[in-house]
Amino acid sequence: MVTLAAVVAPLARQIHRQLKHARSQRWIPARACNLSACSSKLVLSQVHPMWQEPLAIPGGDRQSPIDIVVRKSVFDPQLKPLKVQYDPRTCQQIWNNGYSFLVEYDDTTDKSTLKGGPLEDQFRLCQFHFHWGENNTWGSEHSIDRRLYPAELHLVHWNSDKYSLFEEAVIEENGLAVIAVFLKIGKRHEGLQKLVDALPAVRHKDSVVEFTKFDPACLLPENIDDYWTYAGSLTTPPLTEAVTWIVMKRHIEVSHDQLAVFRSLLFTSAEEQLQRSMVNNFRVQQVLKGRTVRSSFTPFLQDAPPMM
Ligand SMILES: [Zn+2]
């Protein structure tokens, strides 16, 4: 989504103008601070400016995120295990892009890759980011049987077998593969803490800090063999329908304090008078429109008693 903003900004702007359903959503300005001593105005955001104006959906038949209805998902025995190979040395920096923070990876070579699962090609990791809520009741983009999680991780990869640049892949049907992992509140996540410690340096929009040797595999659940997969889109402009989604069945745990640091970031740049907390940075759910969600596992068979 990141690099997107910079690269496909003109397309995004055009898209912004066209989408009709978002027309009812309006940014509601926060009340001005009425204390004369108040110098810093900090408010929660209702609707992020990115969604303020009408947007266009190219095609519009395979948009994301969605609610995954478990009993309607179809077990596909052809789905293979995922093969994730990440090289922590490709980790480069963290960027607050005004909507989330992106941990960006060097994707000029096939050093950090994803293949297998529903994918026929090899995909390169370019960045990961999260979506989260203002409290622990919501925040994830996808849901399972209408159940939302406080946050959701997205590891974004592009098809390096078919394309030579992320910018090319992002507009193609089979261009991107995103792994989604739900975050639940529980015990502190030791692997995540190195990233949490670095976040205060990117509190404001447009700030970038060097961040190296971070292995994103530490953010995956222990079992990555069980997942749902479906054909969808980016959940931020330009919303292109380029994504093979791979949604992990198992969540990871993070502490409330760790998520609180996410919430201490800002949508706004240092120069802006009215500072807005970076929370609720998720897209509203989209209609399935006849798509099938496949699963790599069948809970019914797994839980059945052994045959006598
Ligand atoms: Zn995302």
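Guide: Let's start with a word we'll need: a residue is buried if 20 or more other C-beta atoms lie within 10 Å of its own, exposed if 12 or fewer, and partly exposed in between, with the C-beta atoms placed from the backbone.

Two housekeeping notes. Residues are numbered from 1 along each chain as its sequence is written. This is a predicted model, in which local features need pLDDT of at least 70, side-chain atom pairs count only at pLDDT 80 or more, and totals for chains, interfaces and linings use all residues. That pLDDT is the predictor's confidence in each residue, from 0 to 100. For the protein chain the mean is 86, and 80% of the residues reach 70 or more. Over residues 1-39, though, the pLDDT is below 50, and this stretch has 59 contacts in the model beyond near neighbours in sequence. A contact means that the C-beta atoms of two residues, placed from the backbone, lie within 7 Å.

Now, the part I'd like to show you is strand β8, which covers residues 123-132. 10 of the 10 residues of β8 are buried, so the rest of the structure largely encloses this strand. For a sense of scale, 43% of the 308 residues in the protein chain count as buried.

Who sits beside β8? Strands count as a pair if DSSP finds at least two bridges between them. One partner is β10 (residues 151-159), which pairs with β8 in the antiparallel sense over nine bridges. In that pairing, R124 has W158 of β10 as its bridge partner.

You can find V103 opposite F128 of β8, while E104 has Q127 as its bridge partner in β8.

Let's stay with β6 for a moment. Five of the five residues of this strand (residues 101-105) are buried, so β6, too, is largely enclosed by the rest of the structure. F101, V103 and Y105 point one way, L102 and E104 point the other way, and all are buried.

Step on from β6 and you come to β5 (residues 91-96), paired with it in the antiparallel sense over five bridges. Here Y105 of β6 is the bridge partner of C91. β5 and β6 form a hairpin as well, with four residues between the strands, and G98 in the turn has a positive phi of about 90°.

Now let's zoom out. The protein chain has six helices and 17 strands. Among its contacts with a separation of 6 or more, 74% are between residues 24 or more positions apart.

There's also a nonpolar core to look for, meaning a set of buried Ala, Val, Leu, Ile, Met, Phe, Trp, Tyr and Cys residues joined through C-beta atoms within 7 Å. The largest such core has 68 residues, and L176, V178, A180, V181 and I246 touch the most other members. Strand β11 (residues 176-185) gives the largest share of this core, eight residues. In soluble globular proteins, nonpolar side chains tend to be buried together. Take V181: leaving aside neighbours within four places in sequence, its contacts include L153, L219 and M248.

S64 and P65 are joined by a cis peptide bond with omega about 0°, and P65 is found in the loop between β1 (41-43) and β2 (67-68). Another cis peptide bond joins P237 and P238, with omega about 15°. P238 lies in the loop between β13 (227-232) and β14 (243-248). L239 has its place in the loop between β13 and β14, and has a positive phi near 60° although it's a residue other than glycine. L239 counts as buried because it has 27 C-beta neighbours inside 10 Å. K213, not a glycine either, has a positive phi of about 55°, but K213 counts as exposed because it has 10 C-beta neighbours inside 10 Å.

Technical notes. Helix = DSSP H or I, 4+ residues; strand = E, 2+ residues; numbered from the N terminus.
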